Every structure is written in structure tokens, then in C-alpha cells.
Amino acid sequence: MSDEIERHHGPSEVAEPIADPGLPVHQYRVTDVDEAQARRTERQISLMFGLATLLAIGFTVAYFAVDFETTFLGWSAQNFALGATLGGALLLIGVGIIQWAKKLMSDHEMVEMRHPVRSSDEDRAAVMADINAGIEESGIGRRPLIRNSLLGAIGALALPSIVLLRDLGPTPHGQATTVWKRGMRVVNDVSGTPIRPSDVEVGQLINAEPAVFFPAEGEDHSEFHGHELLAAKAKAAVIVVRMRPEDITPEKGKENWGIDGILCYSKICTHVGCPISLWEQQTHHLLCPCHQSTFDLADNGKVIFGPAYRPVPQLPLGIDDEGFIIAMSDFPDIVAPSYPELARDQKKLDGE
Amino acid sequence: MATDTYTKVEDTKVGKKAAGPVGWVDDRLGLAGVARKNLRKVFPDHWSFMLGEIALWSFVVLLLSGVFLTFWFQPSMAEVVYDGSYEPLKGLEMSQAYASTLDISFDIRGGLLMRQIHHWAAHLFIAAMIVHMLRVFFTGAYRKPREINWLIGVGLLALGFIEGFAGYSLPDDLLSGTGLRFVDGLIRSIPIVGSYLEFFIFGGEFPGELIIPRLYMAHILLIPALLLGLIAAHMLLLVYHKHTQWPGPGRTNENVVGFPMLPVYAAKAGGFFFVVFGFTALLSATIQMNPVWAYGPYNPSEVTAGSQPDWYMGFSEGLVRLMPGWESTFFGYTWSWNVFIPGVGGLGLLFTSLALWPFIERWITKDNREHHLLVRPRNAPTRTALGVAGMTAFGVGWAAGGNDIIATQFGLDIYALTWVFRFGFFIFPVIAFLITKRICIGLQHADSDRILHGYETGVLERSPDGGYSERHAPLPVAGQYTLTARDRAPELAPAQTVDANGVEAPHNRRERVRVWLRDKYYAGAVDKPTADDVHHAEEHLGHFEGHPSDHGDDFRGVSDAGVPKVH
């Protein structure tokens, strides 16, 4: 056996420096020798159980007596009353039982011998013989046709079990586009009011949404609802910022995407999709609160720090007849976190 | 069968009452044979053996409080208009999941308490599992024959993380939605199949309307069932192997010394359940946990600054924050290393290395014996140092997960801090390893000194020529024995590259790597004194005490420990 390379000394090989003195003499507790002390402990323990009973009753009283509005130290009195009585009762029962075990139950240590986990050689041989007999008698080795076709059939069962999961969801779609389109107004994300360039001051950041998320004039409901609205929002949320035009260094082709220093960027981080909202007026940096990716909005949303890789996409802006800010198209760059088909989808977008 | 003792039991009060029911049950189940072996099973006593128990009982608390919550919670993402008693959110559109969570908090008496107990117990469950696992690691309790139980434990911890995250996501508040958004980004980052997985798991584009019901199923059925099964297996193996124990007088690798299950451990463990439950109830009564009503319903275009996952996900979160923004495109696919490596790789690496460690160590040491005695961490310096290095890496990741909080609280530059953590993730564990190993070896030297030179009595003696020395006295025998009750280091044979006939052995290179690792593994550790050392020291101690001044010509002063340097 390879074990012989290293010999782990057992006690027999090298004499132990100190011989095992054996189990120490049992120490009696006060409660073992003094009956009065034992009775006192008994009383203490039953006092705990008695208090626990009272607290359980107190819980019931509090349940009916303390209403939701009452506060205690600035926080729900009901929660405190129920929790304190229930917790106190449980704790007293637990401490009482443990005290009983420690102080009054016999504390004579017992010794039990261990046995090697390994079975005896006979048992092992018998098991091997049984397994062998089972294999022999089944003929699985002699009849490869049965064995192989059975393995094939069981393997084929993987198909139904995988295929059944197919309808968990649709195939990926629509990741490259958002609801933005040419002419859609950029509106305030809370009130839904459209924005004029004069509403935005230098250094200001406005959280905005596409107008389609709010009811059109004369209507009660918007086009989007419930989870559809959330899914659309998860891609279309934007921020509108205004910087001094001379601070901005637009890339080629993006010179006319802003209006007098007003630029619009996706609010969704290209890292894992948190809404990016921490805006530093002075540096024009936008910081994602989740993982601290930092984007320079004066420099085309470029990543200047953190785990994000792609710049935060920019939305080209324009102004409609009534003087409100509108989008000139959907995002030319794909918003939200990267996904495997992103490069291909982006190529398609660029080609259009 | 000792029939005479059985007769005696029948004559006792309990015997007369219980014989009937016990007989009835045994006639039908025949379990007396099993019960006879286990009812009075001996368990050793040590405070650190209680850590796993905390995990077990907090799991029971989770089951109880969880069942209560299911009576009202509605795992649906359908939008409703909130009409409950919490004024600030009245009239707002939100998912049914969030609305029913608010109902539990504000309209069901005791609902808020149960929600808080559930969340507190979840924290306790995972924290206790981690501390219990560290105890098992640092004392070597995972060694043969307990490797399978270690693997079950690693599985339990991993499932606990997933279970906790699923539960964190269910209320569908702004914070839990932000967590799901992260998971969505994480799934997307999986190479090639990421989009498909995302659409299948969320049932369409994020957030869809299926993820909450699906997580609910996983949270209350699938994962708890797995946890329950694995916990049962964990406990059965514990009973079957018998608990490990600390070495000491009369406590050897061949026996187990302690108190019987009935009545002492049944009472102590049973009582401890009430203590754990009571403790979580008191925490929930006094300390607010996850006030979902303050966050508002989920909205993918909003986030609160300082968004944090529950603490046990902090390691993963931190790695995601530390990772540089790497992304590449090849074979027509986008590969998001910036999310995939830390998000999937971090926890993957953690759990894989935990699962493999017992087998790696056994391969390195070739130690094939059964171990039922625990090892003090100092007596396995390399293992202990590796453990501390791992904890340090975990800690750096964890701290990095709160880098924004640290930066704002201490007025530090967040970018500089991130750079410190980026390098620190690799450097700090190495430093921790080196320091820990030195501390362990130092402690081993101290143990040796205490055996060979006794302990410091605090009695100073002045010799006629003015020198001071402290008198040492031998430790009690039981203490000496306990200090020496550990394995002697094995003989480290050089790698055998050729066999007895001079033929090159197969797996030559692997064996050389193993021997190199083995030498590193044992390097520096102080072996325990031999019988000769102790014999010699005894003479010396007696000698020193009897003749404090007569040092002879070769006396060269006294060492720091008060022992003459001649020795």
C-alpha cells in the first residue's frame, strides 16, 4: 500500500511522553450533596416555568388588548408586547429545562466504546459476493444488447424531461429595442409632464420616462400596465441633464444629440441594470449606487471607473412644434446589461 | 439479554406503566433493538458543539414561522391597488405579493412579529451554519470517517444561501426587486445561453410576472424539502459515527465520554430549542428587520442609495464590485466577464474549495486513519493558516460589498478604497496565512515549554550574586497529558521516484508534487516532546527547585521563560 511512504505513529510505536492518567475523579455538585440546595434549585426552576405560563397568558391578553396604532418607544407596541411575552416565555422554559439538566439530573459521565466504521472483512466479502451474484444472475454482462438498449432508453428519457421545460418562457426577443421612437416626448417620471429646455437648469438632473407610460390627453389609462409597464420601464427609463455646452465633448455623429447642453442618457446601468442616479454636478459623473460604476456624461457616457464595460447609452434629443423635448429615435446603442447576443444585435442596429 | 435487570424495571413504577405501551409499539415496529442502542447514547460536552444545534433549531423556527406566513402571503405579481391600513402607500399600484406582505405587517396581529422572527431566524440559521462549519474545519472534525457529512454540510450551507436569497426576493419591495434585477444581470452574463436562461427563468423579459411564484415554490417546497432531507442525513451520520471529542484524560480515539442522550442531552438540546426560539422572538420584538413598507413597491427605474443584499451575499456582492469592467466579443457572442467571473465564480470557488478540502488534505498527508479526536487549531498550523486565509478573502469580499457605506462613514475615497480591496483580495489572505502560521507555531512552542519547563508560578527568586529568576512548577499530570494528546508528525520520506528494482515509478511527477506539498504542509510545526525529553525535563525541574543558586561553571544566564540557558 502506498500508505507505507509515510508512517503515522500509533501510540505503540513511540512511547507517549505522558501516560494517560485516566478519567478524573467525579466531582459532586452542591445539589448532589445538599438536599436543601437541591430543593432551592427545584423551586428556582419551577418559578421559571411559572413565569413562562404567566407570559403566555400575557401574550394572549396583549393580542386582544394592544391595537396596531399604539406605539412604544416609537415602534409598534403590539409587536413589542407579543414578541416580549412570547420570547420571554420560550426563553424561560428553555433556561429552566437546561438548568434542570445541569443542576439536578445525574451528571455521571459515561464511557462508550467506538467501533471502526469499516465493516468486517467477512461482511465486505459477502457483499461483494452478493453484488457479483446479482450481476451474474441478471446476465447484464452477458447480454449487452439488453443492457445497451436499456441505457439508451433511459438516456432518451432526458428528452421529454428537457422538452417539457421549453415553455418556461419565450425565446429571447426585444432586448435590443425600447419603447422610445422618433417624436416621443420626454416627460417627468412622477408627474408625466413634458419638459421644455428652459425647465432644465445647468447642473440639474431630471428623472424622466417616455410619454407613452402616461395616459395620453383625454384618456384615463396609459398603454402599459402591470408587469408590461415594469418590463418597458426597465429599459426605457432615462435621465435628462444639462451641462455647459463648452464642457461637452461629443463623439463624431453625436454633435446634434443634445439641446444647448441638455443631454439624455439611459438610466439603466450597463453592468447589471440598476437605475443609475447619483449625479455629481461639478465633475459630470454619474455613479451607480449598486456597484459604483461611474460614467462621464460630458464624455459620451464613458465608463471611468467600476465594473461596467459599455458606456451608458445616449438618447438623441430634439424639440417638437410645441417646444417640448422629444426623442429623435430609439437608443442607437443597446441599453441595459450585456447579454450573449449583444454584439450581433448591435451590428444589426448599426446596419439599419 | 440480561433478563434479571428487565424484571427489576418491570417492578418499578415507570416500568409498570410503560411496559404496556412500549410492548404495544415494539410488537408492531420492533424498534427496541435500535432504541436500546441509542436512548442512552453518549454525547461529549463542549460549548463549540452547540453551534450546529443553533443552526438546527433556527431551521425549526423558520419552518414554524414560515408556515404561519404562508396563511396570508400571496405569491402573485398581479398589480393591485393597495387598500390596507398603512396610510403612506394607500392607493398605490403594487404587486399582490407586496400588498399581502404589508397586510401581514399591518393587518394581521402577530404577523409583523412572525415576519421578523422568520427573517431573524434566517440570519441566525446561516450565521450558525458558517460558525459551525468553521469549528468543524479548524478542529479537523471533517477528517475520515466524516468526509461525507462534511459534504452534506457544504450542501446545506449552499442551499441555505439560495433559500435565504429566494425569501429575500419574495416581498417584491424596492430592495428585493433590485436584488432580482442583479440576478437577472447575472443570468444574462452566462456565456452563450444567458439570454435563454433569463427568458426561461423569468418567463419573458425582466421582471415578467412569474418569477415570484416560481421563487415561492422553491422557497417553501423544493429547497426546504432538500434541506430537511440533508439535515436528517447529517444528524443520522452524526449519531452513527458518534460525536468527535476533545482529547483528555480517559478520552481517547477509541471511546466517547460524556452524558447520555436520555435524559441529559434530550433535556439540554430540547431546552436549547426554546432558548433559540425565545432569543429570535426577543430580537424581533426589539430590533426592526427589513421594514419593507419603507422601501415602497418595486420600480425598475428607482433605487435607494446604499442598496445591500443580506449579509451572507456580501462576499459575492463585493467581488462583483471589485471586478474590473472586462467584456469581450468572440465567436459572435458577448462575454461579460465583469459579471460572470465574480457573480458565478466567486461562490462557485468558495463552495468547490470547501467541498474538496478534506480530499486534498488526505491526498497530501496520505493519512488513512479514522479520527475521532479533535485537533487544536495550533496543532495543525497549515490547515489553520489556510482557513484564516480563506476567511480573510471572504472578509475582503464582504467589506468590498459595503465599500460605499465604508466610504461614506469614514469619509474615504471610494475609488481608492476599491483599489485597496482589489489588491487586498489577493494580498491580505497571503499575509493572514503567514501570520497565522507563525502564531500557531509560537503557541506550539509555548505548549512544549509548559510541558518541559512547567508553568510560571510568579514566584521570583534572587540568587546570592543578585540574579533574578522565576520559579517554574510542573503542570498537573492531566494538563500535561491533554497538551500532549495529539498526533506526532510523520516521518517525511523523500519522494520515491524509482521502485525497488530501480524502475521509474508511474505518476512520478504527481508524487513529487504531493511530496513537495506535504513538506510544506508539515513545515515548521513543532512536534510534541518525546518521553526522553519529558524525563530529562523532570530531572531538571526538580534540580532547579532544590538548588536555586548552584548553577555550575557553564551557567549562561536565564532565558525569558526563566530557564537557565545551559539547558
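Let us begin with one pair of residues: B:F43 stands opposite B:F259, which belongs to strand β4(B). Keep in mind as you explore that this is a predicted model.

- Strands β1(B) and β4(B) run antiparallel and are joined by 2 bridges.
- On the chain A side, β3(A) is linked to β4(B), residues 255-260 of chain B, by 4 bridges, and these two strands are antiparallel as well.
- Put together, the 3 strands make an open sheet with antiparallel pairing, in the order β3(A)-β4(B)-β1(B).
- Which strands stand at the edges? They are β3 of chain A and β1 (42-43) of chain B; each has a single partner strand, so one side of each has no neighbour in the sheet.

**Where the chains meet**

- How many residues of chain A are in contact with chain B? There are 89, and they meet 113 residues of chain B.
- Several elements of chain A each supply at least two residues to this side: β2 (75-76), α3 (77-103), β3 (110-113), α7 (226-236), β11 (302-305) and α8 (342-351).
- Helix α3(A) gives the largest share of it, with 17 residues.
- Sorted by class, the side of chain A that touches chain B holds 52 nonpolar, 24 polar and 13 charged residues.

**The overall form of each chain**

- Chain A contains 8 helices and 14 strands.
- Its radius of gyration is 37 Å, whereas the globule rule gives 20 Å for 352 residues, so chain A is more spread out than a compact globule.
- The C-alpha trace of chain A spans about 100 × 75 × 50 Å along its principal axes.
- Of the 352 residues in chain A, 32% are buried.
- Among the contacts in chain A with a separation of 6 or more, 57% are between residues 24 or more positions apart.
- Chain B is divided into domain 1 (3-38), domain 2 (42-302) and domain 3 (439-546).
- The centres of domain 1 and domain 2 of chain B, taken over C-alpha atoms, are 40 Å apart.

**Nonpolar cores**

- The largest nonpolar core here has 89 residues, and A:V186, A:V238, A:V240, A:C264, A:Y265, A:C269 and A:L315 have the most contacts inside it.
- Helix α15 of chain B (residues 381-401) gives the most to this core, 8 residues.
- Leaving aside residues up to four places away in sequence, A:C264 touches A:V186, A:V238, A:V240, A:Q314, A:L315 and A:L317.
- There is also a second, separate core of 74 residues, which includes A:L82, B:F73, B:I104 and B:W120.

**An enclosed helix in chain B**

- Is helix α5 of chain B (residues 96-106) largely enclosed or exposed? Of its 11 residues, 9 are buried, so the rest of the structure largely encloses it.
- The buried residues of α5(B) include B:Y98, B:L102 and B:I104.
- These buried residues pack against α4 (51-70), β2 (79-81), β3 (93-95), α6 (111-138), α10 and α12 (292-295) of chain B.

- B:F206 and B:P207 are joined by a cis peptide bond, with omega about -5 degrees; B:P207 lies in the loop between α9 (194-202) and α10 (211-241) of chain B.
- Another cis peptide bond joins B:L262 and B:P263, with omega about 5 degrees, and B:P263 lies in helix α11 (residues 261-286) of chain B.
- A:D260 is not a glycine, yet its phi is positive, about 50 degrees.
- You will find A:D260 in the loop between β6 (238-242) and β7 (262-266) of chain A, and it counts as exposed because it has 12 C-beta neighbours inside 10 Å.
- B:I192, also not a glycine, has a positive phi of about 65 degrees.
- The place of B:I192 is the loop between α8 (174-188) and α9 of chain B, and its 14 C-beta neighbours inside 10 Å make it partly exposed.

Technical notes: Residues are numbered from 1 along each chain as its sequence is written. Chains are lettered from A and ligands numbered from 1 in the order in which they are written. This is a predicted model: local features need pLDDT of at least 70, side-chain atom pairs count only at pLDDT 80 or more; totals for chains, interfaces and linings use all residues. Two residues are in contact if their C-beta atoms, placed from the backbone, lie within 7 Å. Ala, Val, Leu, Ile, Met, Phe, Trp, Tyr, Cys and Pro count as nonpolar, Asp, Glu, Lys and Arg as charged, and the others, Gly among them, as polar. Two strands pair if DSSP finds at least two bridges between them. Domain bounds come from an automatic or database domain assignment. The radius of gyration is taken over C-alpha atoms; the globule rule is 2.2 Å times the number of residues to the power 0.38. A residue is buried if 20 or more other C-beta atoms lie within 10 Å of its own, exposed if 12 or fewer, and partly exposed in between; C-beta atoms are placed from the backbone. A nonpolar core is a set of buried Ala, Val, Leu, Ile, Met, Phe, Trp, Tyr and Cys residues joined through C-beta atoms within 7 Å.
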